[in-house]
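Open the model in your viewer and keep the selection tool ready.

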Amino acid sequence: MRDGPDEEPELVAAVQVLMQLAELGEQLKAAQERFDYGAIEALCEQNRALRPRLAECLEGLKTITPNTPQEQELVALAVPLVKKIRQGDKTFAIWQENLSAMRSWSAEGAAQSLLNVPRLCDLPPVDVLDNRFEGVPAVIVAAGPSLDKNFHLLHELADRAVIITMNRCATIFEREGIAPHFVVSSERSEEIPEVHFDGVNPHTVQNLVLRPSVHPRMLDVPTQRTFLFTDGSNHEVGLMEAMGKSSRPVGGGTVGHSCFLLAYHLGCDPIVLIGQDLAYGDGKTYSSLDVDADTHLAL
C-alpha cells in the first residue's frame, strides 16, 4: 500500500478480503454443526484460494499510516477480523486433513456399504430410539489410560445409567462381566470383528450400533439387536435414504463423538465421559485393560 490519495481504495480492498476470510470461518462452524460435508469441502476450497491474498493484505496493513477518520475506522476493523481468521485457521487445517482422509477412505467405504445392503435392509436406524432415555444419566466409556482408575465404578452404575461404549472396549466389558447398553462401531477395518469382539457374547453386546460401511464381518458379531447410523458421509446418507431409513448424522472426528451424540439423541442427561483421554500420561495410549495395552507413544 502507498501513502497518498490512492491509499483508501487499497485499504478497503484489503479489509474486504479479511471480511471474506473471517466469514468463511463462521460458515465453516455452521456447516460442521450440520455435518454438511459438501459445504465444508467448498468452504475449504474458498479459504485456500484466498490465502495468498491474506499475506498480501497483512503486509500492506503494516505499512499504512491512517490519516483520515475513514482510514482509521478501516484499520480498527481489520484487527478483530485478523484475530477471527487466526481462530478459524485451526478449524480449516483440521478439516483439510479430515477431507483428505475421507477421500482416501470413500471408495472402500462405499464398496463395503454396497456389499452390506442385503443385510442392512431389515435393520432400523438408531433414530427410532430418540429421547427413549430422556433424563437418564449416560456414561460414555472409551479405552484411554484413565479407564484403569474408573472402570470399577461401572459395576455400581449398570442399573442406574445408560452405558455406551465402542468396539475397542467390548472385550473389556466381557472380561469384567458388565453388559453395556450400547456398543458403537464406526471403523471399516477388517480386523475389528476379530480383534475387538473375540469371545464376546450376545449378552455383552446387547445393542450394536453400526455404520453401513463397516466391514461385512461386523454383521456376524453376536448381538441381541443391531441399529444403523451414519456420520453424514454422502454415500452413507444416500444409501440410507435408498433403503427408506432417512437418518440424521451421528458422527464426528472419532467414534467417541458418535457415542456422545448417541447419548444426546437418546435424551440422556447428564452425560459423563470416562477413559476419553486427550493427553497421554507416561506415553500410554490405552488402558491396561485394552487389547493394545502395550502400545506406547514414541517419546
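Does Asp36 count as buried, partly exposed or exposed? Select Asp36: at 29% relative accessibility, Asp36 counts as partly exposed (buried is under 20% relative accessible area, exposed over 50%, partly exposed in between; 1.4 Å probe, protein chains only).

This is a predicted model, where local features need pLDDT of at least 70 and side-chain atom pairs count only at pLDDT 80 or more, while totals for chains, interfaces and linings use all residues. Residues are numbered from 1 along each chain as its sequence is written, and side-chain values use heavy atoms, leaving out hydrogens and water.

**Salt bridges**

Arg34 forms a salt bridge with Asp36, with the closest N and O atoms 3.4 Å apart (a salt bridge is a side-chain nitrogen of Lys or Arg within 4 Å of a carboxyl oxygen of Asp or Glu). Arg34 is partly exposed, at 49%.

Next, select Asp130 and Arg248. Their salt bridge has its closest N and O atoms 2.3 Å apart. Asp130 is partly exposed at 32%; Arg248 is partly exposed at 22%.

Then pick Arg51, Arg86 and Asp89, which are linked in a network of salt bridges. The structure holds 11 salt bridges.

**The cavity lining**

Keep Asp89 selected. Asp89 also lines the largest cavity, with Leu21, Ala22 and Phe92 among the other lining residues (on a 1 Å grid over the protein atoms alone, a cavity is a set of points where a 1.4 Å probe fits but cannot get out; lining residues have an atom within 4 Å of a point).

**Last stop**

Select Tyr264. Tyr264 is exposed, with a relative accessible area of 53%.

Note on methods. 1 Å grid on protein atoms, 1.4 Å probe; cavity = no way out; pocket = protein on both sides within 12 Å on 5 of 7 lines; lining within 4 Å.
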